[in-house]
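Please look through the structure shown below, and then follow the paragraphs that walk through some of its strands, helices and side-chain contacts.

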Amino acid sequence: MTDSFEADVVVIGAGVIGLACGRALARAGREVIVLEAEDQIAMHTSSRNSEVIHAGLYYATGSLKARHCVNGRRMLYSFLDAHGVAVKRCGKLVVAIGEGEAGELGAILARAQANGVEDLRLLDGAKALAMEPALNPEVAAAIHSPVSGIFDSHAYFLALQGELEDAGGSIAFNTPVLSGAVETGPIRLKIGGDNPATIHARTVVNAAGHYAPHIAATIEGPHTAGLPETHFVKGSYFGISGRTPFSRLIYPLPNTATLGLHLTIDLGGRGKVGPDAEWLPEGASPPFDYRVDPARAAVFHAEVSRYWPGLTVDRLTPDYAGVRPKIVPRGAPSGDFRIEGAETHGSPGLVNLLGIESPGLTSSLSIADHVAELAG
């Protein structure tokens, strides 16, 4: 016979968003249990990214991405400092090669300023090269964002978990959500794993990342009428052998799928470039193949050498990959986060977080506060 029990708040997913939401709700006095299908925290999107703290330059003014990236970045720096998590405010340059690209920087700068990003400067090519002499001499202009940075994301996840548990919350690993229903009163969830059970929860936060749209669809209720189709984009990274001659993050102009093949330097001084954007076939679903194809090095070299001509292809080695869950199709402008409670989708007690890709890591604490408000 399957066990049945009641819960106040169930958060589905122990990635960075689920951990942050669970922490915020537990600190607000709610009794929280986080259900995680894997045997560890942050096994998917959360741990497969650039570990960059984004300033908030690119996102449409008024969008959830713009709001939560800017607010979340400020909150994140305070959190990291307070918890002793390694962080470096190294800043970044968004570089334009030639006068044609330089004309595009004005729109990015205006949008970033409208979003509330602090301390931005538009530089001519000479000033950009003075800051980073290894750049292509054909760099005509750049935006300098001093508030961008890098940090130890895994230490951050552990700090979130610690505060969640200190506030009385808990995580149940190896506990997948199989189905559910929004009913009169609590939401019913059927969970699997070694101890199958039925949970009746007052509030359910669906922060399942790659699986979030699928989970939302398996929970019966009015919200299922408006769920988006999910598209997956694989992003690979290549490591750079030897010394990388930059002290800041270097970004080319963004495209519709990514922020371009940017160069980052981790806290240990090791350089890497990526991610690219490989749209997976329609119907693709987890688990994903995270192997990096060595043959992609030639494409990486061609793109990165536009702003760093001193890079040679033999210095690029396959590193790691991640997969971004998108709720817009290939070729469409980058979509916004979808963070929806009952007033949006009509299912009382349920909060769905869909399409949480970059800048989700930077935005996590701000998103969590938003979810805590929606949860009441």
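Val-182 stands opposite Ile-187 in strand 11, where strands are DSSP runs of E with at least two residues and helices are runs of H or I with at least four, both numbered from the N terminus. Strand 10 (residues 177–182) and strand 11 (residues 187–191) pair in the antiparallel sense over 5 bridges, and two strands are said to pair if DSSP finds at least two bridges between them. The hairpin that these strands make has 4 residues between them, and in this hairpin Gly-185 takes a positive phi near 95°. Strand 10 also pairs with strand 13 (residues 219–220), this time in the parallel sense and over 2 bridges, with Gly-180 opposite Ile-219 in strand 13.

The model is predicted, so local features need pLDDT of at least 70 and side-chain atom pairs count only at pLDDT 80 or more, while totals for chains, interfaces and linings use all residues. Residues are numbered from 1 along each chain as its sequence is written, and side-chain values use heavy atoms, with hydrogens and water left out.

A further set of strands forms an open sheet of 3 strands in the order 3-8-4, with antiparallel pairing. Its edge strands are strand 3 (52–53) and strand 4 (87–88), each of which pairs on one side only. Strand 4 is joined to strand 8 (residues 149–151) by 2 bridges, and Val-87 stands opposite Phe-151 in strand 8.

Phe-151 also belongs, together with Phe-79, Tyr-156 and Phe-157, to one aromatic cluster. Rings of Phe, Tyr and Trp (its six-membered ring) pair if their centres lie within 6.5 Å, and planes under 30 degrees apart count as stacked, over 60 as edge-to-face and the rest as tilted. A search of the whole structure finds 9 aromatic pairs. One of them joins Tyr-58 and Tyr-59 edge-to-face, at 6.3 Å centre to centre and with 80° between the planes.

Which residues touch the most other members of the largest nonpolar core? They are Tyr-156, Val-205 and Leu-353, in a core of 43 residues; such a core is a set of buried Ala, Val, Leu, Ile, Met, Phe, Trp, Tyr and Cys residues joined through side-chain atoms within 4.5 Å, and buried means under 20% relative accessible area, exposed over 50% and partly exposed in between (1.4 Å probe, protein chains only). Among the elements that each supply at least two residues of this core are strand 1 (3–12), helix 2 and helix 9 (360–375), while helix 1 gives the most, with 8 residues. Not counting residues up to four places away in sequence, Tyr-156 is in contact (heavy atoms within 4.5 Å) with residues including Leu-76, Phe-79, Leu-80 and Phe-151.

Leu-76, Phe-79 and Leu-80 are among the buried residues of helix 2. Helix 2 (residues 64–83) has 20 residues and reaches 27 Å from its first C-alpha to its last, close to the 28 Å expected at 1.5 Å a residue, a span taken as 1.5 Å times one less than the number of residues. After helix 2 comes Gly-84, whose phi is positive, near 70°.

In helix 5 lies Gln-161, which counts as buried because its relative accessibility is 15%. Beyond residues up to four places away in sequence, Gln-161 touches Leu-19, Ile-41, Ile-171 and Phe-173.
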